[in-house]
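Subject: Structure handover and notes

Dear colleague,

Please find the structure below, followed by notes on what was found in it.

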Amino acid sequence: MAHLLGAEGLHLQYPTRVVFDSVTLGIDEGDRIGIVGRNGDGKSSLLGMLSGQIAPDRGRVTRRGGIRMGVLDQSDTLGDDDTVGHAIVGDRPVHEWAGDAAIRDVIGGLVPDLPWEARIGTLSGGQRRRVALAALLVGDWDIIALDEPTNHLDVEGIAWLAAHLKNRWPRTGGGLLLITHDRWLLDEVATSTWEVHDRVVEPFEGGYAAYVLQRVERDRMAAATEAKRQNLMRKELAWLRRGAPARTSKPKFRINAANQLIEDVPPPRDRLALSRLAVARLGKDVVDLLGASVAFDGREVLRDVEWRIAPGERTAILGANGAGKSTLLGLISGTLAPTSGRVKRGKTVRVGVLDQQFRELTDIAGERVREVLARTKATYVVDGKEMTPAQLLERLGFAREHLSARVGELSGGQKRRLQLLLVLLSEPNVMVLDEPSNDVDTDMLAAMEDLFDSWPGTLIVVSHDRYLVERITDQQYAILDGRLRHLPGGVDEYLRLRAAAPAPGPAYAASTPLASSGSPGPAATGSGAVARPSGSGGSSGPLAGAFAGATAAQRREARKTMARVERALSRLAEREAKIHEAMVASAADHETALALDTELRGIRDEREALELEWLEAADLAE
């Protein structure tokens with residue numbers, strides 16, 4: 001296996017502390033390396049040194065000659081005046097990138113909803129992040145380094161990214177460096193894991209599940225001076241072995257060792273006991289959504305939602321970005337009224353909300369953390385033990401030295417810890433969590449999950465973090481086409497439903513002359529067809545003049561070709577729709593579903609060839 005990059009004796013020091021000391025490591029072809037560690041321990045600095053963006057104080061980084069390395073860091077370098085299309089594919093001719101299936105796959109996976117000619121300055125932060133990721137992934141790199149690429153991606157987008165990263169390197173022979181707090185993505189993609197801690201980088205075999213086992217063994221063999229972290233990770237390992245069957249088959253697991261380590265660890269949650277406590281705190285009535293609908297500016301976001309939330313219910317809400325998840329949370333928490341229908345709340349309900357914007361911290365930004373804690377209740381009971389607010393905050397990974405910091409000066413992860421503590425101290429019996437994994441590391445997520453294991457209330461969670469969803473909730477719902485649907489099969493069922501749904505054409509096809517005229521060409525098939533980017537009509541588009549000088553006979557022949565291709569595409573669309581219906585009907589029949597999937601892939605390959613033929617003929621016909 002060829003060597004790509006190496007680092008020897010790296011030392012990095014900032015004015016207040018040493019970040020790394022004598023770090024030596026390497027990356028070979030085929031390596032997909034996940035990088036984990038607490039916020040502030042140096043993960044991004046490590047990536048900066050390996051990519052050449054940060055110069056180490058001592059040591060050196062060497063690369064094999066000619067190595068190309070692409071980096072997605074957490075900064076935003078896109079130009080506001082640039083367009084989505086130009087930011088992604090640059091000045092490449094349209095026929096070149098539109099004919100590349102790999103580029104179309106990236107565009108369809110990350111930015112299918114963004115207008116091709118939209119200015120970057122008009123996009124939201126999440127949309128800009130997706131454009132930056134797409135621009136990187138369409139490139140030809142030997143090593144790709146990604147720093148928190150799942151920020152602003154939904155569950156479906158993360159599943160696409162995992163498949164893309166796994167399938168990319170067997171084809172190109174390159175390597176991957178991946179910083180992420182998304183533990184499901186780590187387990188899906190990583191062949192090894194680097195833990196950044198205490199000025200060193202410690203390697204582990206396998207993804208997150210294997211890393212947890214090896215870390216527990218490391219702590220046990222070292223006599224566990226960090227007893228609190230060890231116990232927490234043993235509980236995490238117990239859930240991985242008992243509650244996530246898909247992970248237990250990993251060949252890296254030493255099953256006997258794992259079973260020995262967890263033999264005295266109880267299940268993460270006693271559901272019966274928690275349910276009894278929840279009923280005692282709440283009564284039988286929590287929140288009922290009765291035919292509730294919500295519309296904004298005449299557009300219906302939620303339609304006829306019927307949901308009676310039970311005491312102690314632990315539910316996750318899934319859905320694409322913009323599907324209405326936060327709107328649903330607003331109905332439950334009472335911050336939003338339905339346009340029609342009604343919301344009924346129990347008399348004893350007290351809702352606590354962990355939102356994405358840190359709203360409850362805005363008014364106290366100038367205060368010190370210890371001053372804020374001084375106004376809260378004196379003790380809080382966790383697992384039958386009384387803890388002070390400061391102890392509880394420390395359990396959530398908040399360093400004691402930061403108790404004197406002003407709230408407004410805290411990092412995103414520190415604010416999230418304080419925010420969660422204040423919500424818990426308000427003693428709600430219904431907890432609403434809107435993307436709770438934002439800005440936090442894997443250790444914080446494990447601590448948060450540990451707290452919720454013993455929290456006796458009703459829990460409603462919106463999150464793109466699949467691991468967290470499966471870890472702390474017992475059932476999942478999805479918002480599909482404005483309606484709330486129960487998912488007995490969990491996240492896997494949601495992804496199957498999304499894959500089986502008719503896919504809209506890419507945004508860059510939406511404003512072509514063909515699409516706007518209503519012709520049944522590729523842009524109108526609803527099957528992810530490739531057409532010219534927005535603005536390509538007339539004489540100023542990227543394809544204008546590509547076939548200048550065509551004779552009248554050639555144009556007539558091209559129009560005949562277009563008509564033939566459009567008929568063929570229409571037939572393919574009908575076949576594809578029937579296969580999607582059959583896949584939904586045979587979801588429990590693995591062999592039939594596999595055969596249908598194979599047939600579907602064949603149709604998509606045939607469609608791609610036809611679309612390219614239509615594209616060439618259309619420009620000749622003009």
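Two strands are taken to pair if DSSP finds at least two bridges between them, where helices (H or I, at least four residues) and strands (E, at least two) are DSSP runs numbered from the N terminus. This is a predicted model, in which local features need pLDDT of at least 70 and side-chain atom pairs count only at pLDDT 80 or more, while totals for chains, interfaces and linings use all residues. Residues are numbered from 1 along each chain as its sequence is written, and side-chain values use heavy atoms, with hydrogens and water left out.

The sheet with strand 7

With that rule for pairing, strand 6 (residues 143–147) and strand 7 (residues 175–179) run parallel and are joined over five bridges, and within this pair Ile143 stands opposite Gly175 in strand 7. Both strands belong to an open sheet of six strands with mixed pairing, in the order 5-6-7-3-8-9. Strand 5 (69–72) and strand 9 (200–205) are at its edges, and each has a single partner strand, so one side of each is left without a neighbour in the sheet. The twist from one strand to the next averages 15°, where axes are lines fitted to C-alpha atoms, for helices over the stretch in contact, and angles run from 0 to 180 degrees between N-to-C directions.

Helix 1 (residues 43–51) packs on this sheet, touching strand 3 (32–36), strand 5, strand 6, strand 7, strand 8 (192–197) and strand 9, and its direction makes about 155° with that of strand 7; contact here means heavy atoms within 4.5 Å. Helix 8 (residues 208–221) lies across strand 3, strand 8 and strand 9, and runs at about 115° to strand 9.

The sheet with strand 14

A further open sheet of six strands, also with mixed pairing, has the order 14-17-18-12-19-20. Its edge strands are strand 14 (351–354) and strand 20 (483–487), each of which pairs on one side only, and neighbouring strands are turned against each other by 20° on average, direction ignored. Strand 19 (residues 475–480) pairs with strand 20 in the antiparallel sense over five bridges, and Tyr477 stands opposite His486 in strand 20. Helix 17 (residues 412–425) packs on the sheet, touching strand 14 and strand 17 (430–434), with its direction at about 180° to that of strand 14. Helix 20 (residues 490–500) also packs on the sheet, where it touches strand 12 (314–318), strand 19 and strand 20, and its direction makes about 130° with that of strand 20.

Aromatic pairs

Rings of Phe, Tyr and Trp (its six-membered ring) pair if their centres lie within 6.5 Å, and planes under 30 degrees apart count as stacked, over 60 as edge-to-face and the rest as tilted. By this rule there are five aromatic pairs. The ring centres of Tyr208 and Tyr467 are 5.4 Å apart and their planes are at 85°, so this pair is edge-to-face. It links distant parts of the chain, with Tyr208 in helix 8 and Tyr467 in helix 19 (residues 466–472), 259 residues apart. Tyr208 is buried, with a relative accessible area of 1%, and Tyr467 counts as buried at 0%. The rings of Trp307 and Tyr477 have centres 5.2 Å apart and planes at 40°, so that pair is tilted; Trp307 lies in strand 11 (residues 299–309) and Tyr477 in strand 19, 170 residues apart. Ring pairs also link Phe204, Tyr208, Tyr211 and Tyr467 into a cluster.

Nonpolar cores

A nonpolar core is a set of buried Ala, Val, Leu, Ile, Met, Phe, Trp, Tyr and Cys residues joined through side-chain atoms within 4.5 Å. The largest has 66 residues, and those with the most contacts inside it are Val84, Ile88, Leu110, Val131 and Leu146. Its largest share, eight residues, comes from helix 6 (residues 155–172). A second, separate core of 40 residues includes Leu403, Leu418, Met431 and Leu459.

With best regards

Terms used. Buried means under 20% relative accessible area, exposed over 50%, partly exposed in between (1.4 Å probe, protein chains only).
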